[in-house]
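The exercises below concern contacts between parts of a structure and the surroundings of single residues. Please work through each task before reading its solution.

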Amino acid sequence: MHELYMIVSGPMMWATCVVFSGGVIYQLGRLLRLLLRKERSLLSYMSLRYSLRSIAHWIIPFGTLNMRRNPLITLVSFSFHICLLIVPVFLTAHVVLWEEAWNISWSCLPGPVADGITLVVPAACIFFAWRRLRRPEVRFVSDPADFMFLVLVALPFLSGFYCCRHWPGYEVVMIVHIVSGQALLVSLPFTRLAHMILVWFTRSYMGSEFGAVRHARDY
Amino acid sequence: MDALAENKVRIPSMAGSSAKLQAVDAGIETGLKGLTPAKITEVISRVLSAETGARLMAYFSACTHCGLCSEACHFYLSMDGDPAWSPMGKVKQTLWEMVKKKGRVSPAFIQRAARIAYTECNLCRRCSLYCPIGIDVAYLLSVVRRICHALGVIPLYLQDTVNSHSATFNQMWVKADEWVDTLQWQEEDARDEIPGLRIPLEKEGAEIMYSVIAPEPKFQAGLLYKAAVIMNTAGVDWTMPARPGWDNSDMAMYSGDFEIMGRLKRLYFETAVRLRVKKIVMCECGHAFRSIYDTGNRWLGWRMPPIETQHAIDFYHELLEKGRIRIAKKFQPLVTLHDPCNMVRGFGLHERARDVVKALCENFVEMTPNREYNYCCTAGGGVINCGPPYKQTRMLGARVKALQMQTAGAKIVIAPCHNCHSGLEDINQHYRLGLHIRYLADILYEVMEKPGAKELSEQEAA
């Protein structure tokens, strides 16, 4: 078990970092290449002011009409995304790993808070899955991969929670935790989870067109 | 759905019947006969690889299939939340599959894709305000139209309009002599009211070229009369072209025939340059503004229109603000305002439109939602131009618009756009709303001071 742990937390972690960052660079490069080769004129419409206006409205909870119309989805989506980013970075167990490996550290989340917000992510995934199945307009545009992504996102958080408690068999679950986290990172640039990278560009473009050209709101 | 639920007035849903709406369209049927699987794949691949790029890649990679665009769409709302009518639902049934299957789709698929892209989406961009990612669904459905155009599968009526553009440089087969005759006829009539009034043709070096769309000379000549009265009263140094290039409408933009669109806009801008005018003022038309300000200019390589172009709403605003037109007595009946997509989500003229309406009318009430969030008239984007085979679908898709107008409570709806005007009139008749749809020019003409104008009795005597 220890050997397996060493493999997944050693070489496999390095491989994950390489694929993840390579993937992000590849996707950004592909986007830039397509932009320069085929749609260079779009660059002339980009406006920093209106890009930021659009991003600001969409990054602030209830900053847009559609968010105000759907308060439950707004609450769940924002909680989900915030926890998704905070937990892996500020969890004590993760900060300790950084400290041991690179001798760098930063403040951690208090235990009970960390426990609570860890569970927000899988809970939100269950909500998203329920919404996908229940709402006809969401089900219509869903495919099996959409459900798979929810499992993929929830798994590292659920398994991490399990390991933290040292519940029976946590050593095995730890392997699941690490591998599922790696799978999430590796798939991110190559699937529609890439919206994490691309949304900044699509929002900026929509914001620029609406703000600088069409003199109207896009939120 | 909320909008419908909140409304006290009920207009029965007929969404259940939507599945039965299978229009027979000779243009589409004929186009389908020439299709082979190989041709479909070749055309789709060609359009996707040659004409799309970063935008399409980013939109398809980033869409999280959340469905949050759905409630932006008046078709979706009017069809009781049938997901096949939601913005991304329409993309899923068209471009999504084309991309996923690398163009290997059947003629039956193309038939359905053409119907969806041309007649079930007004390219109104309301869903752009609802998508958290910032996906431009109207753009994606424009790509589908472009593919259908390249395959020759286009609604007959729409294609006929494009043929007219191609042959005559105007939308409605108006012959060269008919155009000049109509202007002179309107000038003559208007001189009965305002002696000395002119519609100056081909006046080089005038400050303004006034341009209209072909429906005006074809069947709404009274609008030319009113424009002439407004221009003469305001003392504007203006002219109209006597040769082709006078019509700035553009159905080629909506059929996906961007080559024709480019020809039209080139002649249009060149006409303004030929007349050496300082700016173009255009009539109350939304899609024509989109064509010269957003789409046609870009196709020709102009980041912005090469010559200043002003929409009628903005022009009237300027005339009123500068006191070049004065109001004799404000219009009294209660009015409401329909915000045309292309003038609001396309150019942000919503506040100016309100300023003009309030300057002309004593009693104004908003319809809800309004400004950028207004519902489309269900006629725009070339949908009304697809003709009678699709009218029933258009009326079913307009239920939410009918409710919105009805609950506003005003009997007079001002719609400063030709397409909206025709579309709202259809809705008015179909749902028996008892409304009157008016242009701003109708009301402006009615309430403005006309110094030097003859009284009606004098005109009749003359």
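**Exercise 1. How many salt bridges does the rule find across the interface of chain B and chain A, and which parts of chain B form its side of the contact?**

Step 1. The rule, which asks for a side-chain nitrogen of Lys or Arg within 4 Å of a carboxyl oxygen of Asp or Glu, finds six salt bridges across the interface of chain B and chain A. One salt bridge joins Asp294(B) to Arg214(A), with 3.3 Å between the closest N and O atoms.

Step 2. If polar contacts are counted instead (N or O atoms within 3.5 Å, where within protein one atom must be able to donate a hydrogen and the other to accept it, and residues adjacent in sequence count only if both atoms are side-chain atoms), chain B and chain A share 26 residue pairs, both residues being at pLDDT 80 or more.

Step 3. With helices taken as DSSP runs of H or I of at least four residues and strands as runs of E of at least two, numbered from the N terminus, helix 3 (37–51), helix 4 (54–62), helix 6 (87–100) and helix 15 (287–299) of chain B each supply at least two residues of the side that touches chain A. The largest share, seven residues, comes from helix 4 of chain B.

Step 4. Sorted by class (Ala, Val, Leu, Ile, Met, Phe, Trp, Tyr, Cys and Pro as nonpolar, Asp, Glu, Lys and Arg as charged, the others, Gly among them, as polar), this side of chain B has 27 nonpolar, 15 polar and 12 charged residues.

Step 5. In contact terms (heavy atoms within 4.5 Å), 54 residues from chain B and 45 residues from chain A take part. The two chains bury about 4400 Å² between them, 55% of it on carbon and sulfur atoms, where buried area is the accessible area (1.4 Å probe) that two parts lose on being put together, summed over both.

*Conventions.* This is a predicted model, in which local features need pLDDT of at least 70 and side-chain atom pairs count only at pLDDT 80 or more, while totals for chains, interfaces and linings use all residues. Residues are numbered from 1 along each chain as its sequence is written, chains are lettered from A and ligands numbered from 1 in the order in which they are written, and side-chain values use heavy atoms, with hydrogens and water left out.

**Exercise 2. Which domains does the assignment give for chain B, and how many of their residues are in contact?**

Step 1. The domain assignment, whose bounds come from an automatic or database source, gives domain 1 (26–154) and domain 2 (165–447) of chain B. Their C-alpha centres lie 29 Å apart.

Step 2. In the contact, 23 residues of domain 1 of chain B meet 31 residues of domain 2 of chain B, and the area buried between these domains is about 2400 Å², with 57% from carbon and sulfur atoms.

Step 3. Three salt bridges are found across this domain interface. Arg146(B) and Glu259(B) also meet through their side chains in a salt bridge, at 2.9 Å from N to O.

**Exercise 3. Is Asp314(B) buried or exposed, and is Ala328(B) buried or exposed?**

Step 1. Asp314(B), which lies in helix 16 (residues 312–321) of chain B, has 14% relative accessibility and therefore counts as buried, given that buried means under 20% relative accessible area, exposed over 50% and partly exposed in between (1.4 Å probe, protein chains only). Beyond its neighbours within four places in sequence, Asp314(B) is in contact with Leu349(B) and Arg352(B).

Step 2. Ala328(B), in the loop between helix 16 and strand 5 (335–337) of chain B, has a relative accessible area of 54% and so is exposed. Not counting residues up to four places away in sequence, Ala328(B) touches Val447(B), Met448(B) and Glu449(B).
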